[in-house]
Amino acid sequence: MAFEVDPVQYYLIEAEIHDILQPQQPTPSTCTSASGSVSCEEERKRRRMISNRESAKRSRQRKKRRLQELTDQLRRLRMENGELKTQMTSIVNHRNYLLTQNCHLQSESLLLQSKLSALCQLLVCSRTFSCMN
């Protein structure tokens, strides 16, 4: 049984792509004054921090989904392994039964061959004896 995972879910999602491609420009109202450069820098840091938090959250969600998929796969593989072990035990038991039966049949065959040989000798002797009379 092959386990398939949708590789698309492990790539960047649309929001992540948007965050990366969106230019990090400060709003004009916060950067117009002389002391605004500090404000612009703080705004960039704040937005970057929010973006990083969202990205980390998505990463944790992907990791959680992957862990769940692996847990499910492990459960399925363990069940399949148990079924295969049961089948193997059944096949080995049947093989052992057949080997025992084969051994008995070979012994019986040797016994019957021995009896047949004795009967053939007896028949030859009786024909020889009847010819002499």
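1. Glu-43, Arg-46 and Arg-47 are linked in a network of salt bridges. Start here when you look at the structure. Keep in mind that the model is predicted.

2. How many salt bridges does a search of the whole structure find? The search finds 3. Each is taken in turn below.

3. Take Arg-46 and Glu-43. Their side chains meet in a salt bridge, with N and O 2.7 Å apart. Both residues sit in helix 2. They are 3 residues apart, which is about one turn of the helix.

4. Next, Glu-43 and Arg-47. These side chains also meet in a salt bridge, at 3.5 Å from N to O. The two residues are 4 residues apart in helix 2, so about one helical turn separates them.

5. Is Glu-43 buried or exposed? Glu-43 is buried, because its relative accessible area is 18% and the cut-off for buried is under 20%.

6. Buried would need a value under 20%. Arg-46 has a relative accessible area of 41% and is partly exposed too. To count as exposed, a residue must be over 50%.

7. The remaining pair is Glu-41 and Arg-44. They form a salt bridge, and their closest N and O atoms are 3.4 Å apart. Both lie in helix 2, which covers residues 36–132. They are 3 residues apart, again about one turn of the helix.

8. How accessible are these two? Glu-41 is at 35% relative accessibility, so Glu-41 counts as partly exposed. Arg-44 is at 32% and counts as partly exposed as well.

9. Step back to the whole protein chain. What helices and strands does the protein chain have? There are 2 helices and 0 strands. Helix 2, with residues 36–132, holds the Glu-41 and Arg-44 pair, the Arg-46 and Glu-43 pair, and the Glu-43 and Arg-47 pair.

10. Burial comes next. The protein chain has 133 residues, and 8% of them count as buried. Glu-43 is one of the buried residues.

11. Then the surface. The protein chain exposes about 11600 Å². Carbon and sulfur atoms supply 61% of that area.

12. Last, contacts along the sequence. Consider contacts in the protein chain between residues at least 6 apart in sequence. Of these, 67% join residues at least 24 apart.

Methods. Residues numbered from 1 in each chain as written. Predicted model: local features only at pLDDT ≥ 70, side-chain atom pairs only at ≥ 80, totals over all residues. Heavy atoms only, no water. Salt bridge = Lys/Arg side-chain N within 4 Å of Asp/Glu carboxyl O. Buried < 20%, exposed > 50% of the residue type's maximum accessible area, 1.4 Å probe, protein only. Contact = heavy atoms within 4.5 Å. Areas by Shrake-Rupley, 256 points an atom, 1.4 Å probe, with all protein chains shown as cover.
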